[in-house]
Amino acid sequence: MLILECPYCGVKAEETELQPGGEAHLKRFGPGSSPEDFEAYMFARKNPKGVHFERWRHAYGCGKWFLAARCTATLEVFGTYPAQSPEPPADLVNKIKAKRPEWKGWK
Amino acid sequence: MAEPVSALGGAVFEGFATVREIGPLGMITLRAKPDVPGLEAAVRGAVGTGLPARRQMDWAKDRGCGWMSPDEYLLILPHAEVGRALAGIEAALKGQHFLAVDVSDARAVFRIEGEKADQVLRKLAPADLDAMAPGELRRSRIAQVAGAFWAGEGGYTLVVFRSVAGYVMGVLTHSAQPGSELA
C-alpha cells in the first residue's frame with residue numbers, strides 16, 4: 001500500500017484515494033519541434049528500478065495535482081511537493097542522495 | 001414553487017449504528033483563492049463564520065463553512081436561505097475572480113449516529129479517522145464514490161452526490177449490519 005501526503009491539504013492519502021499521472025518533470029515538445037523530440041516527449045518514459053518522480057492527483061480529496069518522489073522497488077516515499085515546481089526541491093534531492101548514494105540524479 | 005425534497009425521502013436504517021438520510025440541506029460551493037479581497041466578509045455575510053483553516057469547518061449554529069481545497073469552500077445553511085446568501089456573495093465579490101453556485105439539489109446528506117458510528121465509515125473509506133482533528137472536514141472515498149464527512153453531535157455527517165444517494169445508502173446499510181461490528 002502506498003501512502004502519499006498531499007502537499008495542498010496535508011492528508012496522508014492512501015493510494016486508492018489518488019489518481020496516478022505518470023512521470024513528472026517532462027519537457028513538452030509541441031508544434032515546430034523535431035519529430036525525434038516529439039516522439040520522445042510523447043512516448044519515451046523512464047521506467048527505473050529505484051528512485052522515480054511521479055505526478056499524482058488527490059482525486060477523491062482536494063482534487064489537486066502534486067508531485068511525489070518514491071522508490072519503485074521498495075515503495076519508499078521520499079517526499080511530495082506542489083505541482084508548480086519545475087524541478088524537485090533541493091532538500092528533497094539531497095535527502096534522496098543521502099539515502100541512495102548510487103542514485104544518478106533526477107534528469 | 002415546488003417543495004424541495006431530499007434524494008431518498010429520509011430513508012432510515014437501524015443497524016449497530018443508525019443511518020439516516022437527512023436534508024434537504026442548503027449548500028453553496030464557493031470557489032475563490034483565500035486572498036481574494038472581501039472573501040471573508042462575503043462568507044461572514046452568508047453564513048456568519050470566518051474563513052476556515054486548512055481542512056477545518058467553522059460553525060455558527062446551523063450554518064457552516066468548510067475548507068474543501070486551497071481554492072474551494074463549502075457553505076452550509078438552511079435550504080430556504082440559499083438564494084439570498086448567493087445574491088449577497090455575488091454583490092460582495094463583484095468584479096473579483098470567484099464562482100458561487102447553489103449545489104443544494106446536487107447533494108445527498110446522511111447522518112450516521114451511535115456509539116460505533118465511526119465503524120460504519122471506517123469500513124468504507126480509506127481515511128484514518130483517528131487522525132482527524134476536532135472540527136475537521138475529510139474528503140475521501142465512500143466505497144466507489146467521492147464523499148466528504150465530519151464528526152459532531154454524537155455521529156458523523158456525510159455529504160455525497162445526489163446521483164449516488166441510493167448506492168451510498170446501500171453501502172452504509174451493508175456496513176451497519178448488526179453483528180458486523182469491528183472487533
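A residue is called exposed when its relative accessible area is over 50%, and buried when that area is under 20%. These terms are applied here to a predicted model.

Helix 1 of chain B spans residues 39-47. Its buried residues are B:Leu39, B:Ala42, B:Val43, B:Ala46 and B:Val47. An α-helix has 3.6 residues a turn, so residues three or four places apart point the same way. The face turned away from the buried side carries B:Ala41 and B:Gly45, which are exposed. Just after helix 1, B:Gly48 takes a positive phi of about 80°.

In chain B, a cis peptide bond joins B:Gly23 and B:Pro24, with omega of about 0°. B:Pro24 lies in the loop between strand 2 (18-22) and strand 3.

Two residues other than glycine also have positive phi values. A:Leu75 has a phi of about 65°. This leucine sits in the loop between strand 5 (65-71) and strand 6 (77-82) of chain A. A:Leu75 counts as partly exposed because its relative accessibility is 35%. For B:Glu153, phi is near 55°. B:Glu153 occupies the loop between strand 10 (145-151) and strand 11 (155-161) of chain B. With a relative accessible area of 78%, B:Glu153 is exposed.

Key
Residues are numbered from 1 along each chain as its sequence is written. Chains are lettered from A and ligands numbered from 1 in the order in which they are written. This is a predicted model: local features need pLDDT of at least 70, side-chain atom pairs count only at pLDDT 80 or more; totals for chains, interfaces and linings use all residues. Side-chain values use heavy atoms; hydrogens and water are left out. Buried means under 20% relative accessible area, exposed over 50%, partly exposed in between (1.4 Å probe, protein chains only). Helices (H or I, at least four residues) and strands (E, at least two) are DSSP runs, numbered from the N terminus.
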